[in-house]
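Could you walk me through this structure, stop by stop? I have it open in a viewer and would like to know what to select next.

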Amino acid sequence: MRKIGIIGAMDEEVSRLKEMMKNVSVIEKAGMDFYIGQLKEKEVVIVKSGIGKVNAGICTQILIDQYQIEAVINTGVAGSLKNEINIGDIVLSTDTLYHDMDATGFGYKLGVIPRMETSIFQADTILLELAKKVCKEVNKDIQVFCGRVLSGDQFISNQNVKERLIKNFSGYCTEMEGAAIAHTAYLNKIPFLIIRAISDKADSSATMDYGIFEEKAIEHTVNLLLGMIEKL
Ligand code: ADE
């Protein structure tokens, strides 16, 4: 792959990677700073999208239109939706969907986007397999899971809401951008992968745990991305 786009929603999620870039130029568009350069000899564009689905979708489309990226990787943190997925562990997306899409009033199932061919966006299997292999090599002290990532414009910090998401969508983790990035990648026919380290359990402890564990969780995604990038 010639050029990879890397999106994180927040500074914390991409600042380490940006620091390690070489031959960097920065171009601003739509309020986002696109860092263009090399990471471990690989051409990359790294950008902080801002939080939520709209920011993430706009950011992905700019990466595709302005920089002709050949794949997009989303890195960041997420809330766990499975007991066995612990804080610090990594979830790699097999697929992703919007948990807050609701057109049930028209008879659609929850999560289904009316009048689209699919509402479940499949991650690229080559990126997924590579990430899984590299993650085991570079993050030996944690577990790596491959499964469904749920996205919505909601920080989930309530046990009842969490249980509803698990029942309705069988997700492994929940966050606020991945499906929008995947949706945009799907419409433009480019491969994508979501890499999320668990910062909290998406229940009543989430807001507190998030602050405590976010930094450590991000270390694992940075290790993984650095390990992956040279093999792409
Ligand atoms: N990102 C990290 N933790 C999250 C949560 N619990 N809900 C949504 N996005 C998150």
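Where is the place of Ser93? Select Ser93 and you land in strand S6, residues 90-98; helices (H or I, at least four residues) and strands (E, at least two) are DSSP runs, numbered from the N terminus. Before moving on, keep in mind that this is a predicted model, where local features need pLDDT of at least 70 and side-chain atom pairs count only at pLDDT 80 or more, while totals for chains, interfaces and linings use all residues. Residues are numbered from 1 along each chain as its sequence is written, and side-chain values use heavy atoms, with hydrogens and water left out.

**Stop one: around Ser93**

Ser93 counts as buried because its relative accessibility is 0%; buried means under 20% relative accessible area, exposed over 50%, and partly exposed in between (1.4 Å probe, protein chains only). Now show Ile194: the side chain of Ser93 reaches its backbone nitrogen at 3.0 Å. Leaving aside neighbours within four places in sequence, Ser93 is also in contact (heavy atoms within 4.5 Å) with residues including Ala123, Leu128, Gly147 and Val149.

**Stop two: Ser199**

Next, pick Ser199 in strand S10. Is Ser199 buried or exposed? Ser199 counts as buried, since its relative accessibility is 1%. Its side chain makes a polar contact with the side chain of Asp200 at 2.8 Å. A polar contact is a pair of N or O atoms within 3.5 Å; within protein, one must be able to donate a hydrogen and the other to accept it, and residues adjacent in sequence count only if both atoms are side-chain atoms. If you skip neighbours within four places in sequence, Ser199 is in contact with Val77, Ala78, Ile87, Asp209, Tyr210, Phe213 and Glu214.

**Stop three: two helices**

Colour helix H3 (residues 125-138) and helix H6 (residues 206-229): they pack at an angle of about 120°, with their axes 9 Å apart. Here axes are lines fitted to C-alpha atoms, for helices over the stretch in contact, and angles run from 0 to 180 degrees between N-to-C directions. H3 and H6 are therefore oblique to each other; angles under 35 degrees count as roughly parallel, over 145 as roughly antiparallel, 65 to 115 as roughly perpendicular and the rest as oblique. To see the contact, show Leu127, Leu130, Ala131, Val134, Cys135 and Val138 on H3, then Asn223, Leu224, Gly227 and Met228 on H6.

**Stop four: Lys18**

Jump to Lys18 in helix H1, residues 11-19. Lys18 is buried, with a relative accessible area of 16%. Not counting residues up to four places away in sequence, Lys18 touches Asp11, Tyr35 and Ile46.

**Stop five: two loops**

Most residues other than glycine have a negative phi. Ala30 has a positive one, near 55°, and you'll find Ala30 in the loop between strand S2 (22-29) and strand S3 (32-39). At 53% relative accessibility, Ala30 counts as exposed. Lys189 has a positive phi of about 55° although it is not a glycine. Look for Lys189 in the loop between helix H5 (178-187) and strand S10 (192-200); Lys189 is exposed, with a relative accessible area of 74%.
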